[in-house]
Structure formats: structure tokens, C-alpha cells
Amino acid sequence: MSALRFPDLPPSEPQGADLLAQERSKTTFSVHDLSNYLYGEEYLERQEKFLGLIENEPAFDKSNRYFLGRTERFAGALKKDYALVKLAQQQKWTPEEFQQADILIDEPGPFGLHRGMFMPTLVSQGTDEQHELFLKPALRYEVIGCYAQTEIGHVSNVQGIETTATYIPETNEFELHTPYLTACKWWIGGLGKAANHAVVMARLISNGKDYGPHALCVPIRSMEDHTLLPGVMAGDIGPKFGYNTTDNGCMWFDHYRVPHISLLAKYSSIKPGSGEYIKPPNSKLSYGTMVLIRASLVGYARIGLAKAATIATRYSAIRRQFVDKDQPKKMGKEVIETPVLDYSMQQYRLFPIIAAAYACHFTSKEMMRLYYLNIKNMASGNFSLLADVHASSSGLKSLTTTMAAASIEECRRACGGHGFSSFSGLPLMLQDYAPNVTWEGDNYMITQQTGRYLFKSFRDLVAKRASGKFSASQITNPTLAYLNTYLDNPDLKCPATTPAQFHNPEIQLAAYGHRAAHMVAEIVHGLDVEKRSWNSMLVEIYNASVAHCQLILVQNFILGIRGDMPQPEGIVATPLSPAAKEALTDLSDLFALHQIHKQPGEFLTSGYIDAKQVSMMGKAIMDVMEKKIRPNAVGFVDAFAFPDYYLNSALGRFDGKVYEAYTEMATREPINQTEVIEGYEQYIKPFTNPKGLKGKSIQARL
């Protein structure tokens, strides 16, 4: 029993439950219908079923998560991953069902990269024979793998990795070797202690020629007792800012031989004996796993945004500060302190984050549709989508994960001092989300890939227009469409003359398209005409990628609400109710206008809008937040359908019992389990009572 006990008293009136009930009564749409639109009825029903299974399993208990150190947390994560796999096998879950349960448990684990990167790489780059040898055992967790690409000296620059895989024709083997300290594999999730196999990215060398990075699937630990195999050294890299329940590891090879079958050979291979290199039909085919992960990260950004916004919005509706003398808040006939959510500054901080979460929902669905469509096309030799999907996934990964990381921190700050407490759920969320801005390509580096695609598209379009054989009706690619619109009229001006006109989606799309195209045109001019170096324009290139991807987010948000988004084959979209459609349109307006109002410089220099119009946008933003979004704020976050078990937050509880949950969590703090702290006799008593006085002699000093 805890030595810390709180009086059996309620919080002062009004109660949190009553405040949230009042908020929910103002919602203009059906929360259940919007949740159903976002996820589908089947997903929501599964969630309820999974909660019944998960909450009753000790391995998935979250009650002590905030009190544990790294060693205890890793041990718990290993137990959790084992229990989750066993449960999935018993329940015969599909991969989608497994992922849904894993999201609810919400803790990175040592098997995460086995599912997230090791197996997808085998699927996309392995032959049928390799699927039999590696993938099928991996699906049964007999093989547990990791994805060893990053090196201590090379992270984003995959082409610069130094680990070598040299073909030995005499034995038909590859020899893996680490020639420099900088070639040691580093940051590899699951490698530290859990994995017994690894997909290793290494420089393929045959007959003295270096063919660049290729993937090999190799054993690294004994299948008998899990000891490292001769020629392999590996271990954990130590504590990190976050993600400490995953054993990120390091590894080096000392002339380690593996059989010919280890080279993943779906697209490229080495002929046994001769060492002849068979090149892939397209040099970017090996990007498959990378594109999948980057596209998936847009969806996880949506989850991060939504989770943080749910906690901060509910808490802001309950937390009261000061009385607004101009517009006093009432509960019944009683004047109460103003809920923080009523302050316009809090709305300006939180409501765009809610809007961003919904924006990412539509774009993440579209990115996954395009990814699977591209996979299908490539299987039949059609690579037309590959460049666009790769470029978009790179830029969107950068933009959305940057947005999410910044927004989680903003939500933490918006909760005031209590946001600094682990019990809010926000500090650990930020720590575990932070790696997203770096892995799968540093967010500032990978935007160059988006930039190269944009500049090539622009140059090709200019050349086609100049050829006299071009027709705008031939354009089906949305990137070429907005670039062509700009080239038709680079001096286009925004026609809006009142704040209300900025709610017109066509004006919003025109503003984003004109700005992005103007930036691309300026960079191409700098590179091609002014002969500026690529390095000297990296800031502009990054900003152009952001502009392009913000346009994608705005465009998909608008199309999604209209019901004009393309759907995956065989899928029929759930229709939006008129009330939900109107409410989401308000969020779409806020998302589009807030980005312009927050950073107007590029929109102004593009010439499409002027300073007076930016000022009008500010009025339009405040108007839509106060009159349209404020009544629906709690309804919007409720529609994300996050159960309390998932949130694990005292501040974000659905029932509004914030202070009751907060104080109860404090009683579980391990150092509160005794009234007098261990160490009192050694470190405190020598100062406060060095003579060991007892009773009245001590009290008399007071």
C-alpha cells in the first residue's frame, strides 16, 4: 500500500465529466458516424473485441509503464512481444488485425522491425526459393530478423555504406566484411539482443567490380542457443532519447561467409561460378521497402497528431483558468472559471493540429493506395508510377513526421505544467515518436529526392510545351497539372476581396499550386541559368518539397471530403453524412489557411496573394475557429475513437476524471511506497537531526 494517500474528496465544481458532457452536447455531427467513416464499422468492432483480450493480459498491462527504467522496460517489451505473437497465433489474426492490436498496446518492441522491415523486404526482394527458406520460418517466428542498413558512419547516404559482400566463385559464397570502424552497422532495431537473422545492406562486389548496395539475408545468431555466430559481433548500442523498449543494435563482420542463396535475387543476382552480375530492370526497384515504410509513416503521423490532440483538447475543456469578464462562462446559473479551450490562443495552438490529423488521414490512405497500385504495375513491367510514388513518399514522410513531432510537443506545452508529468502520456509519446524525423531518411536530406523529381518534371514539361506537340488534355499527373497551370499564367492573382472568400477551396488550391510551382521554377532557373550549385540551394529545395507536399495534403483533404478520392480496387468508400461533411470542411479550411497565415512569405513572393489578403485570412481563421470548430472540438477528437487504455493518460480520459486519475497515479510512484525514503539515515538525518534527538526535544524547535 502506498504511503501517499489523498483525501476522499471530489474536485471542485463543475466536475470534468459534466464539462465534457456539455462539450459533447454541442457537437453538430454524429461522432460514431464520423468514426465509422474514418475506420469502418469492422475496425471499430474489432477494437472492442481486442480490448477485451488485451486489457486482461498481464503482459500488456500499462499501469507501471511510467515508473520503470530501461532494463525493466526492455524485459517487459520482450514479454509483451512474445505474448502478442502467441495471442495472434491462437486467434489466427491477419496481419491487419495484428497491427491493430499492436497499435493499441502502443509500445515499441524487439520484434517490431522483424514485422516492419525484415519480412517486407523478403516479400518484395526475395525469390520463391528464398521465401521458402527465410520468409515462411519468419512468419512462424522461427526466424526473427532485423534490417541492417544504417552504419555508424553512413545513415541517410545509403550509396555510401562501406560493409562489403564479395562473391567467392570457388565456394559459391559471399564474404561479408566490415573494413572500417565507420562501416559498423548501427541503430538496427531488434539487432541488439532479439534477432537471429538480418537483412544486411552491403556493397556487392564480384570479379573486382563494385555494384553498390544490395540486400542479403544472413543468420547472425545460433538457432540452437542464440549465441553469435563466428565472424559476427553484435550488441545493443545503449540508452536513447526514446524508444528504449527496442534493442537498437550494432554489428560488424570479420570475413563472414554466407551461401549464394543469401543474396536477395528477385530483381538482381550473381550467376553461380562465373560471378556475372544480372542487373535489375529498373535501378529503383530496391526502393520497395523504403517506399512502403515512408508511406506508412504518413499514417503513423496521423496517429501521433490525433493522439496528442485528443489528450490536450479534452484536458483544455476541463482545465479552468480565470474568469472572462467580457464573456463569463456559466454552468447553469453559476459563473465559473473559463475553460482553457475557450481562449483563442489555445484554439490557435490546438485546432490546426486536429485539422492536420484529419488531413494526414486522407493522404495516408492515398499513399498506401498508390504504393500497392505501383507494386501491381511493376509486377507486369509498368514502372510509370515508381518515380512519383518514391518522390511523394519521401517528401510526405519529411513533412508529416516533422508536423507530428512538433505538434506532440505543442500539445504537451498546451497542457501547462501538467503536460510535463509523465502521467499526461505526452512526454513518453514525444520520446518514442521523435525517431520518426530521422529514420528512413533524415527529414532535411530526403526532400532532395522530392526536389529532383519536381525539377525534372518541370524541365520535361517546359520542353514539351516548346515542342508544339503538347496538349493540356494529356495531363493526368496532378504535379504536372499545377506546374502547367503556373506556366500558363505565372502572374496569376488571387481574386478574394473578403475574408469569407478564402473558404473557397479553389482559391486555396490555386494559392498552394501557384506557390509550389513558382518555387520550382525559381530553383530550376537558379540551377540551369544562374549555374548555382546544388549545395547552395538546399534550403530552397527543402522549402519546395514542403510546398509541394502541403499542396498534396490540402488537395487530398478537399477531395476526400467531396468523396472524389480514388479508392483501392474493390473498395467502396463509406459516405460522409451532410453534418460531418460540413464539419470536416471547416477543418479543411483551417488547415489550408493556417499554413498560409503562419508562413506567408513564399505565398507573397509567388505574387498570387498580397499582404492585405494575408490579413483577411487571419480574420477568416479566427472566425472559423470560434464559430464553427470550437463547438465541435471535443467531438472531433472523440471521433478518433481512442480508448483510455490506448491513451494511458490522466489528462485525456474520456470520462473527464482528470484529477482523480492524476492523484491515483501518484500513489503508485515507487518512492511513495514508504513514508520515509531509503537513504534518510545516511543522507538527510546527518543534517536535520545529527544527534538523534527524539520526541519533544525536536518539536520544541518549532
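Predicted model: local features only at pLDDT ≥ 70, side-chain atom pairs only at ≥ 80, totals over all residues.
Two residues are taken to be in contact when heavy atoms of theirs lie within 4.5 Å. Leaving aside neighbours within four places in sequence, Thr150 is in contact with Val155, Cys184, Lys185, Trp186, Trp187 and Ile188. Thr150 itself is found in the loop that runs between strand E1 (145-148) and strand E2 (164-168). With a relative accessible area of 17%, Thr150 falls under the 20% limit and is therefore classed as buried.

Thr150 is one of two residues, the other being Gly189, that the unreviewed UniProt entry covers with the annotation "binding site". Gly189 lies in another loop, between strand E4 (185-188) and strand E5 (197-206). The relative accessible area of Gly189 is 8%, and this residue is likewise buried. Beyond its neighbours within four places in sequence, Gly189 is in contact with Leu113, Cys146, Thr246, Asp247 and Asn248.

A search of the whole structure finds 22 aromatic pairs. One of them joins Tyr66 and Phe423, whose ring centres are 6.4 Å apart and whose planes meet at 50 degrees, so the pair is tilted. This pair links distant parts of the chain, 357 residues apart. Tyr66 belongs to the loop between helix H3 (41-54) and helix H4 (70-91), whereas Phe423 belongs to the loop between helix H10 (386-414) and helix H11 (426-433). Tyr66 is buried, its relative accessible area being 18%, and Phe423 also counts as buried, at 11% relative accessibility.

Phe423 takes part in a further pair, with Tyr662. Here the ring centres are 6.2 Å apart and the planes stand at 90 degrees; the pair is therefore edge-to-face. Distant parts of the chain are again linked, since Tyr662 is in helix H21 (residues 658-667) and lies 239 residues from Phe423. Both partners, Phe423 and Tyr662, are buried. Phe423 thus pairs with Tyr66 and with Tyr662.

Elsewhere, ring pairs link Phe29, Tyr358, Phe636, Phe640, Phe642 and Tyr646 into a cluster. Aromatic rings also face charged groups. The charged end of Arg24 sits over the ring of Phe654, at 3.8 Å from the ring centre.

In the whole structure, the search finds 1 cavity of 30 Å³ or more. The largest cavity holds about 60 Å³ of space. Its lining is made up of 13 residues, of which Pro11, Pro14, Gln15, Gly16 and Tyr659 are the closest to the centre. Helix H1 (16-25) and H21 are the elements that give two or more residues to this lining. The largest share, 3 residues, comes from H21. Helix H21 therefore contributes to the lining of the cavity and also holds Tyr662, the edge-to-face partner of Phe423.

Definitions and conventions:
Residues numbered from 1 in each chain as written. Heavy atoms only, no water. UniProt positions renumbered as here; feature names shortened; annotations may be inferred. Helix = DSSP H or I, 4+ residues; strand = E, 2+ residues; numbered from the N terminus. Buried < 20%, exposed > 50% of the residue type's maximum accessible area, 1.4 Å probe, protein only. Phe/Tyr/Trp six-rings, centres within 6.5 Å; stacked < 30°, edge-to-face > 60°. Lys NZ or Arg CZ within 6 Å of the ring centre and 35° of its normal. 1 Å grid on protein atoms, 1.4 Å probe; cavity = no way out; pocket = protein on both sides within 12 Å on 5 of 7 lines; lining within 4 Å. Points joined across faces, edges and corners; volume = space filled by probe spheres on them.
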